[in-house]
Amino acid sequence: MGGAVRRRRLLLAAAVLPALLALLAVLVLGKVLQPNLLLARRYPVWGVDVSRYQGTVDWQKMAEQGVGFAFIKATEGSGTVDGQFEANFRGAAEAGIPSGAYHFFSFDSAPEAQAEHFIGTVGALSGRLPPVVDAEYYGGYFADPPPKETVRRNLRRLLELLEAEYGAAPILYTTYPFYIRYLRGAFDDVPLWLRNVYTPPLPGQEWLFWQYTDTARLDGYDGEEPNIDRNVFSGSRQQLQALLLP
């Protein structure tokens, strides 16, 4: 009888322990519920995304810390270039980190002008990850979202132009509010990079990359933003390598 009781207690402890560890992580890292920090560990390949806000990045140090890929901001709208793009794009390649460039989608610029701006800034992407379009709310559009059909039409056109240039489907980065309003059911054919820093992606939802936290800290950068985004890839290192453009 005593042995059976002990076994039941051990089984109960085994069932409860993961929840207690998740709660401890919340208490230590604080303030908001972030089960992602534990759940993301099941994915073996993780990486970062950066912009000028991380300042000068030591990409060799990033590689030494296990960074397996990087997405680097290149352009925004039809005229803005990230001030650290060239240094970051070159540095990540020199450190041997699979990397790609991303464009911040503007509601205010024609898709043709945005595609031309990105292509003219980034150039060829041989040996790089496919181009990324970052589609999310910004500024006053949080409170006053633009019309659904206009956004869908312009975003689809931008993706088509980039695919025609690079010969590979662009990856679409998005937040859940933007996804629910504009993308769900209309862009199911597009590889997704989902941002959800509080909970994991919805069960059954397909995604290629998942941005699971925006409060990570790593060594090797000195910008005005002390935190850095961390992401995981849904597959293996070999599958990530297979995404690199010829």
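Colleague: Which side chains does a polar contact of 3.1 Å join?

Modeller: Those of T213 and T215. A polar contact is a pair of N or O atoms within 3.5 Å; within protein, one must be able to donate a hydrogen and the other to accept it, and residues adjacent in sequence count only if both atoms are side-chain atoms. Bear in mind that this is a predicted model, where local features need pLDDT of at least 70, side-chain atom pairs count only at pLDDT 80 or more, and totals for chains, interfaces and linings use all residues. Residues are numbered from 1 along each chain as its sequence is written, and side-chain values use heavy atoms, with hydrogens and water left out.

Colleague: Is T213 buried or exposed?

Modeller: Buried means under 20% relative accessible area, exposed over 50%, partly exposed in between (1.4 Å probe, protein chains only). T213 comes in at 3%, so it counts as buried. Leaving aside residues up to four places away in sequence, T213 touches Q34, L37, V197, I228, D229 and R230; contact means heavy atoms within 4.5 Å.

Colleague: What does R230 lie over?

Modeller: A charge sits over a ring if NZ of Lys or CZ of Arg is within 6 Å of the ring centre and within 35 degrees of the ring normal. Here R230 lies over the face of W46, 3.6 Å from the ring centre. Likewise, the charged end of R128 sits over the ring of F89, at 3.6 Å from its centre.
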